Amino acid sequence: MECCKRYVLLVILFYLIQNNSASVTHYSIPEEMKEGSVVANLATDLSLEVKSLNQRKMRLDIIANKKYLDVNKETGELYIVEKIDREYICPTKSLASCFLKLEMILENPVRIFNIEVEILDMNDNAPQFRRDTIHLDISEATPGGERFSLSNAVDPDVGFNSVKTYHLSESDYFNIEVQTGRDGSKFSELILTKALDREQHAVHNLILTAVDGGTPARSGTASVIVRVLDTNDNSPTFDQSTYNVKIMENSPIGGLVIHLNATDLDEGLNSDISYSYSLYTSEKTQQSFNLNSATGEITVKGMLNYEDFRIYDMEVIATDKGANSLSGQCTIKILVEDMNDNHPEISIKSFQSPVNENIVLDTVIAVVSVSDKDSGDNGVVDLHIPDNMPFKLRESSDNYYELVVSEPLDREKVPEYDITFTVTDRGSPPLSDNETMTLELLDVNDNVPQFPQSFYTIRVMENNAPGALLSSLTAFDPDLHENQYLVYFIVEKEIANTSMSMLFSINPENGNLYALKTFDYEIEKEFLFHIEARDSGSPPLSSNVTVHIIIVDQNDNAPVIVSPWRTHGSVVEEKIPRSTDKGSLVAKVIALDTDSVHNSRITYQFLQVTDTTLFSLDQYNGEIRTMRMFSYRDPRHQRLVVVAKDNGEPALSATVTIKLSTVETAVKAYSDMTEVPLEYDIFSDLNLYLVIGLGSVSFLLLITILVTIVLKCQKPKPSKVAPPCRNSVISERNSTIADSTLVSNDAYWYSLFLAETRKGKLVVRQPVPKGSRYIVSSIPRGSGQTETSDSAASTLQV
């Protein structure tokens, strides 16, 4: 029962569908409509209420295509969803019409409406050729009126919008005729209107245009390139019909005589030319000249001699390689000209090489002969050598020459000469020949060794290590072999009974100079000697150079405090009245440094002082003076530590400790550079007699010492070592400064002062001229005697 009910429902539904689909709604729209464009109002056309479309679940199905259309359920309008291209939907042009089939389905009750939308064609496509370029090959022998098929154009549009006709660009040789195919398509044929000539116009470029029938009409173009094929219709042609050529006798085999050139207006094999002799060309000519069949070059094949054969006649034929070959010809006359064809000859009869560089002038080195087989001016020859050589040619006999030395030779400037003998005849043009001989010069020991400098100044720092390299004194000898081998040695010279070979050594092979001992600037300041370089020639030659060795000072001596004098490690004790005025000289520190220049410049400063407000120290002359008067609050004992420092790098120094004690008793001051007698508590007559006797003996002794010193200082010394009259110092402790004088000279200074001790007075000079020593003279109390002694040398320099 249930199955029967279902069957009845299906029959009823099928009946309804059949009734609903019986009618079809038809619309027509052009292609390429914009998206959103309204095609029609389906609700109105199908008599449907717009309000019921949503309730009845209206939907639109498109059959066999994508969804290009849709229905607005609010208004019932059919509108464009996506732009429609007719050529895409209906690519087959055989279909006259193009449709989109739709079904609109409604429910409650179910109704189905069939809708057909016809897509109308628009002229939106231009005709287009399958190939942009059409190539045609047409022989120039093709007669007029011949037809050639051309590729047709296609247009996706239909009807009037498809290809309607063709046009050809203007041409004197071609035209077209438009044909209609069975399917209605249009195509064209190219018609040759008159015969072609490849030699005038080898390629024809045409433009074929296809035009459709749309409004406005559209068109497409293709290039038609017609290449004219050649036929052998032109004969080869020479530039001239007759050629006259002149050639010199004895021209080289293979030399070019003439290059024939025939041209053919055809192309390919029709223009490919070969050259050949005609039957009228003699066997002698063909043996003497060669004709290149491919290039047309005529070259010398055999020897040409003006005296044997003077004129050659020939006929040359040019033939192309076409199917029906064509040819052309020309005649050639070759005239042989006489020439100076025999070169002069040169022969070296004798040549002496090598020779000594000191060869005597006018010595014969070589004998040369010349000849020429020609006659007249062509057989007259001249021989010469380059002008810039120390040789000359001297004619000895007919066509014989001697080569002699005309200038002194020097192997060191030019070790060898390439002498070129050139012989030239007087023909026109002249011919010449040459031969080169090499003259080698043997070395003679004629050059002395040469030092780069005539005087060497070498600075050596004192305290050098023995065996240290001082310099390399290398000489040069331009000679060769044993004449060039040099030996170096020191020219013996004694200084202060010392040979230079004991102080210095030189490597005999390379000239390296070494020091054999350690030098002390305070003892030796410079050396002057000679180095000799001698070659190994026979006889040997030599030269020497002066060497000046300068010893450079180092700061290797510390200052020595000579005043106030004290024994090693002891303290100097001095007494000073408590009533001493401000600015009074309390003590003077004098230090000496045996170094030189800035290494000996000494400055003074306090290292320790009991009261910094009481004493001042001059940093240059070492004077200690009071800055104020003593007060009852000042302690009785003052301790002063003074350091004397030189100007070396690094600086060296010495210190002295002075212990000052103030006393209440007055002490008389000393006047400048004058002797002030001392008072004694006990002065008896016996003491007076003893002092007078002692003074007399001392005065005589002083006179004797002064005379001896003057005589010794006047004697010349053989060496530069400091003379024995250089000054030295012996100071005594507990000395009291009496006076001093400071003398300035540029950056250096020296002082002359008088100091008095318990035993007498001291006169000290510091420093004296360069290289001298300093002297301290001791003058005992109450007498005119002076005692002098020497000490170590000082090199405080001015």
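**Remarks on the predicted model**

1. Tyrosine 166 is buried, its relative accessible area being 4%. The model under review is predicted, and the remarks below should be read accordingly. Phenylalanine 129 likewise has a relative accessible area of 4% and is buried.

2. The aromatic pairs number 11 in total. In one of them, phenylalanine 129 and tyrosine 166 have ring centres 6.2 Å apart. Their planes stand at 50°, so this pair is classed as tilted, given that angles under 30 degrees would count as stacked and those over 60 as edge-to-face. Phenylalanine 129 belongs to strand 8 (residues 128–129) and tyrosine 166 to strand 12 (residues 163–168).

3. An edge-to-face pair is formed by phenylalanine 504 and phenylalanine 527, with 80° between the planes and 5.5 Å from centre to centre. The former residue is in strand 39 (residues 504–506) and the latter in strand 41, so the contact ties together parts 23 residues apart in sequence. Both phenylalanine 504 and phenylalanine 527 are buried. They also belong to a cluster, linked by ring pairs, that comprises Phe504, Phe519, Phe527 and Phe529.

4. Two lysines are placed over tyrosine rings. Lysine 194 lies over the face of tyrosine 173, 4.8 Å from the ring centre. For lysine 525, which lies over the face of tyrosine 521, the distance to the ring centre is 4.9 Å.

5. Strand 41, which holds phenylalanine 527, is also part of an open sheet of four strands. The strand order is 34-42-41-36, and the pairing is mixed. Which strands stand at the edges? Strand 34 (455–461) and strand 36 (486–491) do; each has a single partner strand, so one side of each is left without a neighbour in the sheet. On average, neighbouring strands of this sheet are turned by 30° against each other, direction ignored.

6. Within this sheet, strand 41 (residues 526–535) pairs with strand 42 (residues 542–552) in the antiparallel sense. How many bridges does this pairing run over? The two strands are joined over nine bridges. Histidine 530 has threonine 546, in strand 42, as its bridge partner. In general, the strands of a sheet pair through backbone hydrogen bonds, in either a parallel or an antiparallel manner.

Key
Residues numbered from 1 in each chain as written. Predicted model: local features only at pLDDT ≥ 70, side-chain atom pairs only at ≥ 80, totals over all residues. Heavy atoms only, no water. Pairing = 2+ DSSP bridges. Axes fitted to C-alpha atoms, helices over the stretch in contact; angles between N-to-C directions. Phe/Tyr/Trp six-rings, centres within 6.5 Å; stacked < 30°, edge-to-face > 60°. Buried < 20%, exposed > 50% of the residue type's maximum accessible area, 1.4 Å probe, protein only. Lys NZ or Arg CZ within 6 Å of the ring centre and 35° of its normal.
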